[in-house]
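Please examine the sequence and the structure shown below.

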Amino acid sequence: MTTDITEYLAEAAAVPRLAVSRVGVTGHRSIPASVLPLVRSALRRQFSRTDVELEALSCLAAGADQLFADIALAHGVPVTAVIPGMDYEAHLDDAEAQAAYRRILRSCTARVDLPRQPTHEQAYFAAGRWVVDHCDHLIAVWDGRPARGPGGTGDVVAYARRRGVPVTVLWQTGVRRD
């Protein structure tokens with residue numbers, strides 16, 4: 001059956017366009033084993049959505065950031081790496097975290113290198129604020145406790161809430177991080 005070009009264009013115009021939603025992450029470097037299944041499952045559901053085109057924003061730190069980026073990439077979601085303004089790779093937890101950082105970074109579709117900051121804490125918080133300022137939704141792999149240092153997960157979540165960015169917390173009730 002042949003379709004008239006006018007009919008084709010009218011049908012194409014009637015198909016709703018998928019919006020792009022930028023999803024950012026903040027979270028702990030150490031996630032207890034009992035919490036990991038819940039976090040993985042929730043992230044897989046997030047990145048399996050078909051109603052919207054997604055983009056992921058992550059600093060690629062060990063723990064939550066790398067897990068988030070890996071699951072996004074496994075679902076074909078483009079990842080933007082947000083690199084804190086410091087000698088970042090050298091300050092990742094260990095050789096395994098550094099190797100994962102380099103592996104994920106090679107798969108990212110974009111990279112944002114932030115300006116150098118006077119301290120590591122300021123660099124981490126600046127990166128967290130950048131993610132919040134550029135996302136539509138923040139996922140926090142967070143135990144709900146205050147940040148252990150300036151710019152930690154609790155500070156980034158508080159910043160997002162002050163800015164009105166929706167936050168989804170992924171954690172198992174009653175479990176504390178190390």
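The buried residues of helix H2 are covered by several elements, including strands S1 and S2, helix H3 (64-74), strand S5 (137-141) and strand S6 (167-170). Contact here means heavy atoms within 4.5 Å. Helices (H or I, at least four residues) and strands (E, at least two) are DSSP runs, numbered from the N terminus.

The model is predicted: local features need pLDDT of at least 70, side-chain atom pairs count only at pLDDT 80 or more, and totals for chains, interfaces and linings use all residues. Residues are numbered from 1 along each chain as its sequence is written, and side-chain values use heavy atoms, with hydrogens and water left out.

**Helix H2**

Which residues of H2 are buried? They are Leu36, Val39, Ala42, Leu43, Gln46 and Phe47. Because these residues cover an arc of only 140° around the axis, they lie on the same side of H2. The arc is that of the directions from the helix axis to the C-beta atoms. Pro37 and Arg45, on the other side of H2, are exposed. A residue is called buried under 20% relative accessible area, exposed over 50%, and partly exposed in between (1.4 Å probe, protein chains only).

The length of H2 (residues 36-47) can also be checked. With 12 residues at 1.5 Å a residue, H2 should span 16 Å, and this agrees with its end C-alpha atoms, which are 16 Å apart. The expected span is 1.5 Å times one less than the number of residues in the helix.

**Salt bridges**

A salt bridge is a side-chain nitrogen of Lys or Arg within 4 Å of a carboxyl oxygen of Asp or Glu. By this rule, the count is seven salt bridges. The table lists some of them.

| Pair | N to O distance |
|---|---|
| Glu55 and Arg22 | 3.1 Å |
| Arg102 and Glu89 | 2.2 Å |
| Asp133 and Arg163 | 3.2 Å |

Glu55 and Arg22 form a salt bridge. This pair links distant parts of the chain, with Glu55 in strand S2 (residues 53-58) and Arg22 in strand S1 (residues 20-27), 33 residues apart. Glu55 is buried, at 14% relative accessibility, whereas Arg22 is partly exposed, at 27%.

Arg102 forms a salt bridge with Glu89. Arg102 lies in helix H4 (residues 95-107) and Glu89 in the loop between strand S3 (79-83) and H4, 13 residues apart. Arg102 is partly exposed at 35% relative accessibility, and Glu89 is partly exposed at 28%.

The side chains of Asp133 and Arg163 also meet in a salt bridge. Asp133 belongs to helix H5 (residues 120-134) and Arg163 to helix H6 (residues 153-163), so the pair ties together parts that are 30 residues apart in sequence. Asp133 is partly exposed, with a relative accessible area of 36%.
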